[in-house]
Amino acid sequence: MSRRRQKFKQQIYGQEQPNLFEISEGAYDTDSELVPMSDDVLAVPERLRFMSFGSGSSGNCAYVGTPSCGILIDAGVDNNTVLAELAANGVNPSTIQGIILTHDHGDHVRYAYAILRRFKHMRIFATPKAMTGLLRRHSMSRRIKDYHAPIYKEFPFKAGSLTITAFETSHDGTDNAGFCIEGGGTVFVITTDTGTITARADHYIRKAEHLMIEANYDAGMLRNGRYPVYLKARIASTTGHLDNADTARYLAAVAPAGTLRRIFLCHLSLDNNTPQLALGCVRGALEEAGVAISPGHDEPHAEAGGRLCLSVLPRLESSPLIVL
């Protein structure tokens, strides 16, 4: 377009809207003072993020936190793997307050001291009984006690800006705990390694927007599998693990209330379960209960039309870093 034609069109546009660029009288009052905005208004709200580094009897560890503050859930995955994945996702270990311990089995505590020894600002948040069990069960340096920050079930504690409450679960470890983590404007609950949903676990799960819950085994695969009878009985007991059907029935009972936005199925057995079986069982029960399931675990709740995001955490690999 020539400059003459462009100028002509601008003139025509201005004639059609004569008051377009007029400033009303008093719009800029030079005598008035500008009111400074508070830090609370200017601050960008931090959202909670989640990442799993491995979930199963080979090792369990996950990260939950905001860009300024985070926590590790258990420490059963090689510390070098955890640190490499944190770095790859831009998470600074200096922002991590420590490790919250669900119980004292080796697949949850194996690398706890290695992480604490490297990052001396971190603490291990565990009940006194769980800490005693850790020291009794494992050949681990007694210096880990120097990093112990005692916690107690049903008593909330602070880890940076996060508020965390431990609650009772049902497993054959020492003083087993689940956790309710509040921060970043949301609630994240962990219930893993439990043979039944306890009353206190149920209480916190019903408050959760994001839930990490066990779906350990398929009853048919366990019954017909190669495990000895005593081990099958241990796994299927009320102090063992949740099977797919138990988890599915429970979630179908609580999910229709609409609070839950994401469910992460965790701690799947390598020998007695598959991701396809666990997902199919839970998805079927939820859909039968009238819950709409989102096709992707990373799809935002609002954009998913209120549908629930359901996924299985990888057993030996890391999950993506998911903004909750």
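1. Ala, Val, Leu, Ile, Met, Phe, Trp, Tyr, Cys and Pro count as nonpolar; Asp, Glu, Lys and Arg count as charged; the others, Gly among them, count as polar. By these classes, the lining of the largest cavity has six nonpolar, seven polar and one charged residues. Note also that this is a predicted model.

2. Stay with the cavity. The count comes to one cavity of 30 Å³ or more. The largest cavity has a volume of about 80 Å³. Its lining is made of 14 residues, and Asn60, Cys61, Ile73, Asp74 and Met212 are the closest to its centre. Two strands, β1 (49-54) and β2 (61-66), each supply at least two residues of that lining.

3. Now the largest pocket. The space in it comes to about 250 Å³. Its lining has 19 residues, and those nearest its centre are Ser57, Asn216, Arg234, His241 and His267. Helices α4 (106-109) and α9 (229-236) are the elements that give two or more residues to this lining. The most comes from α9, with three residues. By class, the pocket lining divides into five nonpolar, nine polar and five charged residues.

4. Next, the cores. In soluble globular proteins, nonpolar side chains tend to be buried together. Here the largest nonpolar core has 31 residues. The residues with the most contacts inside this core are Val189, Leu251, Leu260, Ile263, Leu265, Leu286 and Leu308. Seven elements each supply at least two of its residues: β10 (186-191), α7 (199-205), β11 (210-214), α10 (244-254), β12 (262-266), α11 (275-288) and β14 (308-312). The largest share, five residues, comes from α10. A second, separate core has 30 residues, including Leu83, Ile96, Tyr113 and Leu134.

5. Which residues does Leu286 touch, leaving out those up to four places away in sequence? They are Leu251, Ala252, Ala255, Ile263, Val291, Ile293, Leu308 and Leu310. Two of these, Leu251 and Ala252, are among the buried residues of α10.

6. In α10, the buried residues are Asn244, Thr247, Ala248, Tyr250, Leu251, Ala252 and Val254. Their cover includes α7, β11, β12 and α11. In α6 (residues 128-137), Ala130, Met131, Gly133, Leu134 and Leu135 are buried. The cover over these α6 residues includes α4, β5 (123-126) and β6 (148-150).

7. Turn to the sheet. It is open, has eight strands and mixed pairing, and runs in the order β7-β8-β9-β10-β11-β12-β14-β13. Its edge strands are β7 (157-159) and β13 (293-294), each pairing on one side only. Strands β8 (residues 162-168) and β9 (residues 177-183) are antiparallel and share six bridges. In that pair, Ile164 stands opposite Ile181 of β9.

8. Strand β14 is well enclosed: five of its five residues are buried. Leu308, Leu310 and Val312 are buried on one side, and Cys309 and Ser311 on the other. The strand runs parallel to β12, joined by four bridges. It also pairs with β13 in the parallel sense, over two bridges.

9. How accessible is Arg283, and what is it in contact with? Arg283 sits in helix α11. Its relative accessibility is 28%, so it counts as partly exposed. Beyond its neighbours within four places in sequence, Arg283 is in contact with Ile293, Ser294 and Leu310. Arg283 and Ile293 are ten residues apart in sequence, with their C-alpha atoms 7.4 Å apart.

10. Last, a loop residue. Gly290 lies in the loop between α11 and β13. Is Gly290 buried or exposed? The cut-off for exposed is over 50% relative accessible area. Gly290 has 63%, so it is exposed.

How values were computed:
Residues are numbered from 1 along each chain as its sequence is written. This is a predicted model: local features need pLDDT of at least 70, side-chain atom pairs count only at pLDDT 80 or more; totals for chains, interfaces and linings use all residues. Side-chain values use heavy atoms; hydrogens and water are left out. A nonpolar core is a set of buried Ala, Val, Leu, Ile, Met, Phe, Trp, Tyr and Cys residues joined through side-chain atoms within 4.5 Å. Buried means under 20% relative accessible area, exposed over 50%, partly exposed in between (1.4 Å probe, protein chains only). Contact means heavy atoms within 4.5 Å. On a 1 Å grid over the protein atoms alone, a cavity is a set of points where a 1.4 Å probe fits but cannot get out, and a pocket is an open set with protein on both sides within 12 Å along at least five of seven lines; lining residues have an atom within 4 Å of a point. Grid points are joined across faces, edges and corners, and a volume is the space filled by probe spheres set on the points. Two strands pair if DSSP finds at least two bridges between them.
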